[in-house]
Amino acid sequence: MSTTKTSHRNVRSRQSAKPAAGAPLANASALPAKHPPKAIRQAGGTVPQGNPPAGDGKSGSPPVFAPETLCIQAGYSPKVGEPRIPAIVQSTTYKYDDIDQVNRVMTLQEFGYKYTRTGNPTVTALEEKVLRLEGGAAAVATASGQAATLLSVANIVRAGDHILAASTLYGGTFTLFNATLKKFGVSATFFDPEAPAREIARLFRPETKLLFGETIGNPGLNILDFHKLAALARANGVPLVVDNTLATPLLCQPFKHGANIVIHSATKFLDGHAAAIGGVIIDGGNFDWAGGGRFPDFTEPDPTYNNVRYTGKFPKAPYLAKARAQLLRDFGGCLAPQNAFLINLGIETLHLRIPRHGENALALARFLAGHPRVAWVNHPLLSKTGRSRVATYFNQRNGGGVLTFGLKGDAGSIRRFVKRLRIAALVVHVGDLRTGILHPASSTHAQLTAEEQRACGITPDLIRVSVGLESIHDLVADFQQALE
Ligand SMILES: Cc1ncc(COP(=O)(O)O)c(C=O)c1O
């Protein structure tokens with residue numbers, strides 16, 4: 001597939017799981033074209049077709065760009081006279097001259113922006129950037145991380161189907177699977193991700209349609225054993241769906257380790273400034289939806305779209321094509337252009353923030369581990385298993401910016417400690433560059449029973465700290481005075 005008519009520089013990520021040979025730095029202009037340029041049509045403007053376009057076939061191997069460069073420049077390459085940074089295209093709609101062309105766009109015969117619910121140039125720039133950082137075949141942004149989780153699953157399951165999920169999940173995801181999806185006839189079983197493979201294997205049923213886990217559990221902080229879970233998913237013919245929110249592609253690229261679908265709450269480290277809510281779903285393009293006849297929604301004609309068969313028309317990323325064309329259309333849940341702009345801005349410094357989050361978190365974890373009022377501390381780099389998983393699956397020796405600890409004493413001790421903090425603020429959030437702390441048992445996971453909380457890795461004394469980028473000396477001093 002050629003992009004020779006564009007002025008895009010051809011680059012790809014050094015760390016790409018499945019490098020898109022010759023994929024341009026950006027696949028779309030942020031400005032709506034009268035007829036969307038070929039690159040937009042190929043890569044995502046409205047319905048992504050699959051892998052980003054291959055090189056022009058003339059220039060040989062494209063240059064390979066590092067994640068730092070992709071964080072700053074991927075997703076958008078302006079042409080002469082266009083804005084240097086992706087413009088906020090604050091328009092819900094796009095003009096056409098010709099009724100027949102609108103018909104072709106609406107029936108997926110031709111690609112183009114039609115309505116911002118299914119595609120917008122500012123949002124495309126963000127989608128392409130995250131896609132380049134994660135590797136994979138195509139990406140779609142959503143209104144929030146929760147919308148990404150819902151759509152990623154709803155794109156696969158029907159009433160009567162079953163989900164297998166690691167028990168160490170963000171509380172909102174647990175509730176979605178355990179309560180809300182149940183009302184739509186989709187059941188879920190939660191497993192201990194550290195259980196032996198043979199035990200997890202016994203939980204698969206004929207109607208199981210996906211395996212779900214978080215790269216770094218929130219707030220269990222356990223790192224997924226990708227090899228084990230990817231092998232289980234493969235053996236049972238289902239996709240492995242991974243929430244990569246707490247790791248970000250800077251630390252871990254799940255497609256390299258066997259994941260098939262990756263999702264993000266972009267609200268967290270990707271945005272990094274607590275300014276915008278959003279989510280992203282990325283299709284690895286590495287799952288055979290047609291194999292075994294278990295996923296007819298991908299292989300059978302879709303009467304709501306001109307009887308398209310997603311595996312036939314979009315062979316490289318049928319999952320993503322269906323998610324955008326069908327689910328964004330029907331459920332809404334699209335990302336607002338303003339938020340895409342802010343999240344894109346946040347990602348421009350992700351490569352600078354992530355190492356510092358990790359350093360500060362480890363230093364604070366070590367300080368807390370030596371404090372007499374602290375019962376226990378959890379950070380991936382403080383445990384042998386965590387260190388080994390970081391070494392095996394992560395791109396940096398960095399256990400992430402979140403730690404948890406248990407405070408000795410009762411609920412009153414926790415209340416007093418939280419009140420005394422001056423820098424760390426009590427917030428329902430992670431991934432901000434300001435340090436935030438939370439008591440999950442009384443907040444994000446309050447709706448769970450004590451037993452469910454334990455399965456998620458939550459105890460009544462657990463305090464979660466999302467360690468920000470302030471001076472580590474000031475942070476340690478803040479915790480020290482609050483613990484006195
Ligand atoms: C791991 C994880 N996934 C998904 C979500 C949901 O994301 P959002 O708040 O953007 O809807 C969260 C929110 O905290 C999260 O921590």
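Trainee: How do you know that strand 8 and strand 9 pair?

Mentor: In this predicted model, strand 8 (residues 261-265) and strand 9 (residues 279-283) are joined by five bridges in the antiparallel sense.

Trainee: What is the order of the seven strands in the open sheet?

Mentor: The order is 3-9-8-7-6-4-5, and the pairing is mixed.

Trainee: Why is one side of strand 3 and of strand 5 left without a neighbour in the sheet?

Mentor: Strand 3 (138-142) and strand 5 (187-191) each have a single partner strand, so they stand at the edges. From one strand to the next, the twist averages 20 degrees.

Trainee: Which helix lies across strand 8, and at what angle does that helix run to strand 8?

Mentor: Helix 5 (residues 145-154) lies across several strands, including strand 8, to which this helix runs at about 160 degrees. Helix 6 (residues 171-183) also packs on the sheet, where it touches strand 4, strand 5 and strand 7.

Trainee: How do you know that strand 13 and strand 14 pair?

Mentor: Three bridges join strand 13 (residues 436-438) to strand 14 (residues 462-466), and the two run antiparallel. The criterion is at least two bridges, so three bridges meet it.

Trainee: What makes strand 10 and strand 12 edge strands?

Mentor: In the open sheet of five strands, ordered 10-11-14-13-12, strand 10 (374-378) and strand 12 (425-426) each pair on one side only.

Note on methods. Residues are numbered from 1 along each chain as its sequence is written. This is a predicted model: local features need pLDDT of at least 70, side-chain atom pairs count only at pLDDT 80 or more; totals for chains, interfaces and linings use all residues. Helices (H or I, at least four residues) and strands (E, at least two) are DSSP runs, numbered from the N terminus. Axes are lines fitted to C-alpha atoms, for helices over the stretch in contact, and angles run from 0 to 180 degrees between N-to-C directions. Two residues are in contact if their C-beta atoms, placed from the backbone, lie within 7 Å.
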